[in-house]
Amino acid sequence: MLQKQLLSSDKKITIGIPRALLYYKHKILWKRFFEYLGYKVVISHDTTKAILDKGISKSIDESCLSAKIFMGHVDELVKQKVEYIFVPRIAGYGCKERVCTKFFALYDIVKNTYNDIKLLDYNLDMEQGTTEYREFMKLGIRLHKNPFRVHNAYKKAKKMQGYYDNMELRRQKDIIEKDKNIKILIVAHPYNIYDDFIGKPILRNLEKQNVTPIFADLVDKNVSVNYAKKISSSLYWTYNKELIGSIEYYKDKIDGIIFLVTFPCGPDSLVAELCQRKIKDKPFINIVLDEHSGEVGLETRIESFIDIITMRKRNLSKNGGINE
Amino acid sequence: MVESMNNKRIISFPHMGNYYIVIKQMLQNTLNCEIMTPPPITKRTIDIGAKYSPDFVCVPFKYNLGNYIEALEKGANFLVQAGGGCRFGYYAEIQEQILRDLGYDFEFFNILDTGNVNPRRYYKEFKKVNPKLDFRTFFKAFRVLYNQVIIMDKIEDYIRQNIGFEVNKGSFEKLEKLFYKELSNVNTAKEVKNIGSNFEQKFRDIPINKKETCLKVGIVGELYMLMEPFSNYFIEKELGKRGIAVKRHITVSYLLFSKEHSNKKQIIKSAYPYLKYELGADGTDSISRSNEFAQNGYDGIIHIKPFGCTPEVNAMSILQKLGNDKNIPILYFSFDAQTSETGVNTRLEAFYDMLLMRKESNII
């Protein structure tokens, strides 16, 4: 058992965290929590085609691309023979604050896809009464750790995550104020735009054209969830609220919007449609990525979008900044 | 918020199976204006719905939109929607936006939260549409609806399990038509209960030739696809034609009114050893019921869902393991607006042949 292992060897127990999905939101919290409890944390490598292909083979065909990538990362960790793989289960943050049902099921999907796999998890379903703090305490104590140690580990890791998030926010604020390039708001789940395989090529493309990306997920979440109401009155997916609220928040500071969606994302299939219909005062492009997306086609689309924006900006300034 | 133009209002709603019969009555009894049943679903309905829907939204959205457009074309000017669970809760806002962008002039109201069944709450929403509605009238109509749904689902369940064995071809369908004719003309819950017991007996009296060793197939999956026969190209009818007893748990009475469905802990227990958590919407049910079907000696399971339906895609990962563990064949269907009917029938035929062969080799 776990305690026996702790007593019998000095080697640290490894916990693997897939570099996918909610890792991008909570990476500091998760990694530090386990490290402060004395574990060695292994994060899977950046996404590659091989990881994607493996993920596809381990997933139901109709799963969204992001979930397939996740399974590929899980597989990487299985191959690396870590002791535990960390797959939290998130259902929501309260009434009318839910998340995509994919996050409900990740734990059970992974458990049933592999025989003999040891998983660590917590269950965040605030509408049912769980809280992050209590869940982390349960998780830590389940690992036979001293409750004080667990409490401190969580508090410290949470603080670190907070510092990191604030630093990212400040960096973006800085960019917005000082950068004179064309600025495009990237409305995308962090696990898509920051993914090395599916998101980074788009960022490189924008960089090539001297366009500065502004990330919709880098915003004060409380603020953006409020702003989201201006676009959609009945939206109840928290992550989507955070993203589209950003559109309203950054509107005056950006020249265009790229909505990045992985096929066939459930919430985005509806939210992107609504945004496309309601946002008429900013150039807007909706990019849907699937496992067959060719980089060339994507480049062309983005280049023509940027051309249009450049022309528009030039015309606007020619007319002395009069709104069209 | 809602204009009171009661005398000129023509209300319509989306189709789902035979429930339009009782939905129409409920709306008629409470909203004091003309209720229009939308035209029956045809290929045109789904084609036009799909044309104006977001590309990869789940197909029930497209069916709803098609119903709305056809109802608006026929003069409806007030549309109602329900909502709850999965993406369904978010349909209303997008559907309304699409229809307005198409230039239609109408009022739109999200009248029912299926995630939280509560007559008092429903009354408040209905009252927004008809300010003159008093709770007594509403509750009377609600009791009628409740009893209608319960008896409809009970009888349709009996039909599914036995129509494949009727001695006289068409006897079940004939009685079903009579049943719905009477059910659409009721005023009180008591009348509904009488019609219910009356017809339950009549259905049991229909001669059938059903052996203990008949093929039994369980159906699980996404609720709309299961309850709207057009959307799954009448799979249950096709199974019945081949002399198969069909069992399906998902019905409106199960989803809204049964204790079994609301006891989430029990549902997960019934899914042992496959689930620690709920999968979202009715994905959990798909696992628990399949587990039960396997344990109760069913010959096969059919899983039906719209393309991309995340809760059911979640369930599929786990069903694959369950099917292997329990050695029960599971046939998976995924429907969208362009699914080929021929393809569906071919696969059903092959599944049927396989089930027969397995049965025969087991008996020998």
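In the predicted model, Ile304 of chain B stands opposite Phe333(B), a residue of strand E8(B), where strands are DSSP runs of E with at least two residues, helices are DSSP runs of H or I with at least four residues, and both are numbered from the N terminus. Strand E7 (residues 300-306) of chain B and E8(B) run parallel and are joined by six bridges; two strands are taken as paired if DSSP finds at least two bridges between them. Both belong to an open sheet of four strands with parallel pairing, in the order E6-E5-E7-E8 (chain B), whose edge strands, E6 (244-248) and E8 (330-335) of chain B, each pair on one side only. Neighbouring strands of this sheet are turned against each other by 25° on average, direction ignored; axes are lines fitted to C-alpha atoms, for helices over the stretch in contact, and angles run from 0 to 180 degrees between N-to-C directions. Helix H15 (residues 310-326) of chain B lies across E5 (215-221), E7 and E8 of chain B and runs at about 165° to E7(B), contact meaning heavy atoms within 4.5 Å.

A further open sheet in chain B has four strands in the order E2-E1-E3-E4, again with parallel pairing. Strands E2 (34-35) and E4 (107-113) of chain B stand at its edges with a single partner strand each, so one side of each is left without a neighbour in the sheet. Strand E3 (residues 78-83) of chain B pairs with E4(B) in the parallel sense over six bridges, and Val80(B) has Phe109(B) as its bridge partner in E4(B). Helix H4 (residues 91-101) of chain B packs on this sheet, touching E3 and E4 of chain B, with its direction at about 165° to that of E4(B), while helix H5 (residues 119-129) of chain B touches E1 (10-12), E3 and E4 of chain B, its direction making about 170° with that of E4(B).

Between chains A and B, the contact takes 39 residues from chain A and 38 residues from chain B. The buried area, that is, the accessible area (1.4 Å probe) that two parts lose on being put together, summed over both, is about 3,300 Å², of which carbon and sulfur atoms give 61%. Three salt bridges are counted between the chains, each defined by a side-chain nitrogen of Lys or Arg within 4 Å of a carboxyl oxygen of Asp or Glu; Arg277(A) forms a salt bridge with Asp101(B), the closest N and O atoms being 2.8 Å apart.

Residues are numbered from 1 along each chain as its sequence is written, and chains are lettered from A and ligands numbered from 1 in the order in which they are written. For this predicted model, local features need pLDDT of at least 70 and side-chain atom pairs count only at pLDDT 80 or more, whereas totals for chains, interfaces and linings use all residues, and side-chain values use heavy atoms, with hydrogens and water left out.
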